[in-house]
Each structure stands twice: as structure tokens, then as C-alpha cells.
Amino acid sequence: MPTPSPADLPIRRLTRRDLIACADLSEDRGWPREEHKWGLLLTAGKGYGIDDPGGGLVSACVVTEYGPYGEPELGAIGMVLVAERHARQGIGRRLMQHVVAAMGTTPLTLHATPNGRPLYEELGFKVSGEAEMVRGHFTPHGPEPEVATRAATAEDLAAIIQLDEEVFGTDRTSIITRLPAFSDQLRVAEENGRIIGYAAAWPNMDTHVVGPLIARDTEAAKALLASLAAHTDRPLRTDIDVRHGELLAWVKERGLAQLGLNAVMTYGTAELPGDWTRRFAPLTVAAG
């Protein structure tokens, strides 16, 4: 029996049982395996993929929905991958078309690499911003930020969720409630007993990724970053909205260097909801 063409293979929903196959697909494309991140995305989001008759996956991606249950107000698309042996055959376009159709009228967002951006533009996504990926060992330098920070407690979770919804522009309870277990550190910035920012650092291969990073202002964002760095020996990695130029300059003075620039793109909306002035970095570019 002839092997079916990848163009004819069915698209199915992925689950956490597909974690190893997704990590294998990442590795096939030269990405880190990122099993910890895949586990979160496949649990909190909706995975879509195409099985390879020879084993593994031809393609995969994940959509994380935000807003009221069953009535999402925003969908974040990430981890769009096609196996190297099946590249340049229109499979990524077909998978993306399927996801866009499945999401109906829900506005969508994603972070696009320079290589992926042309496909997303063909599908109708528009550039609405840019994020700079930085990485390195954080070295304290100069005066420390004066904003008070501390480790978050269970009692802080309701306030964190409320602040996150205010800044992000829609409810992310389904993923924020997973942060205490997913991250190695979850810290808050406080003023007069009120939480004015929060940030997490979660393990990803040999680094700690800082995200989300939400803060009242740049000084609070600096304090949160510095406090996270003080509690790890790993390099830090994060993706900072380029409009936060002061924070980017500050982290570069302390040892982090640019790895790349990704376009923030939207579909069905001209720009992301919420307050970008307090949104410094996403949880992960794959989930917004």
C-alpha cells in the first residue's frame, strides 16, 4: 500500500501523551527539546498535530485560549513546527489554516521568527509589535532597585490573577494558577502591602526563563528581575517588549545579550488588549 502524502494526513488534537513526540519534533528542527514547556502547553492549551505514518509527528502547534471558559477572548498560537523531512510542502500553512478556522472569530496572536513571518502574513496576520530575546548570566551592577520584592505565597494568588487580568486584558486564570508548580520561583513586588507586580522564573534546559513579567513601572520590573536572578545560578532568558527600552538597556548592562528579535503578530484585532506599559515579558512566546 502506498504511503499517503502528508498533505492528505488528518490533523488531530494532541494531548500530554504526545509530549515526547513533540519534543522529538523540536529537536528535529534544531530547537531545544523543552519538555517542561511542552508539558504546560499541552495541558493548559490545545495541541494540534499530524501523525507521521513512519512514527512521530509531521507537524504540531499549540493554541492557548484566554477569557471565559468556552468563550475565549484571545488565542495565543505557538510551537508551530514541521519536521525537516516534510518542510516546504505547505504542511505548516495547512495546519495554521486549520487552527485559524477552528478558532472562528476569536482574535489570535503569535510571536513570529523572521523565517515564519512571511507565512503568517500570507494568512492575514499583521505585525503589532516586537519582542527582543535576551540571555545571559545576570551580574548586579550599580544601585539596586528600591522596590520591595518577596516570594509569593498561596494567599497572593488571587491578587496576582486580578493584576494579570487587568494588565493582560483578559482572564488567564487557567495558566496563572499553574505557575506555582511550573516555575522554580514566583515573586511579587509590593508597595504599602499592595502587590504592584509579579514575575516567575521557570526552568528550560540550562536556563531560567523569566516570564510573565508584569509590573507597575520599570523600577518594579527591574526589582523583580534582580530578585529572581539573585536566587539562581543559571543564565536568565526572557523576551522583552522593545517599547521597554530602559529595561532592555538595564539588563544588557548586567550581562544579558540579544539572541534575536521576533515580531508580535495579531489576527482579527489591530493590537493586543490590556496595558502594554505594565506588560514587560510574556510567560513564553508560545503562550503570550
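The model is predicted, so local features need pLDDT of at least 70 and side-chain atom pairs count only at pLDDT 80 or more, while totals for chains, interfaces and linings use all residues. Residues are numbered from 1 along each chain as its sequence is written, and side-chain values use heavy atoms, with hydrogens and water left out.

Side chains of opposite charge can pair when their charged atoms come close. A search of the whole structure finds 27 salt bridges (a side-chain nitrogen of Lys or Arg within 4 Å of a carboxyl oxygen of Asp or Glu). One of these joins D18 to R12, with 2.7 Å between the closest N and O atoms. Here D18 is buried at 10% relative accessibility, whereas R12 is partly exposed at 28% (buried means under 20% relative accessible area, exposed over 50%, and partly exposed in between, with a 1.4 Å probe and protein chains only).

In the salt bridge of E84 with R29, the closest N and O atoms are 3.2 Å apart. E84 sits in the loop between strand 4 (74-82) and helix 3 (91-102), and R29 in the loop between helix 1 (19-28) and helix 2 (35-44), so this pair ties together parts that are 55 residues apart in sequence (helices, H or I with at least four residues, and strands, E with at least two, are DSSP runs numbered from the N terminus). E84 is partly exposed at 37%, and R29 is partly exposed at 29%.

R216 and D217 also form a salt bridge, their closest N and O atoms lying 3.2 Å apart. R216 is partly exposed, at 33%, and D217 is partly exposed, at 28%. Finally, a network of salt bridges links D24, E27, R33 and E35.
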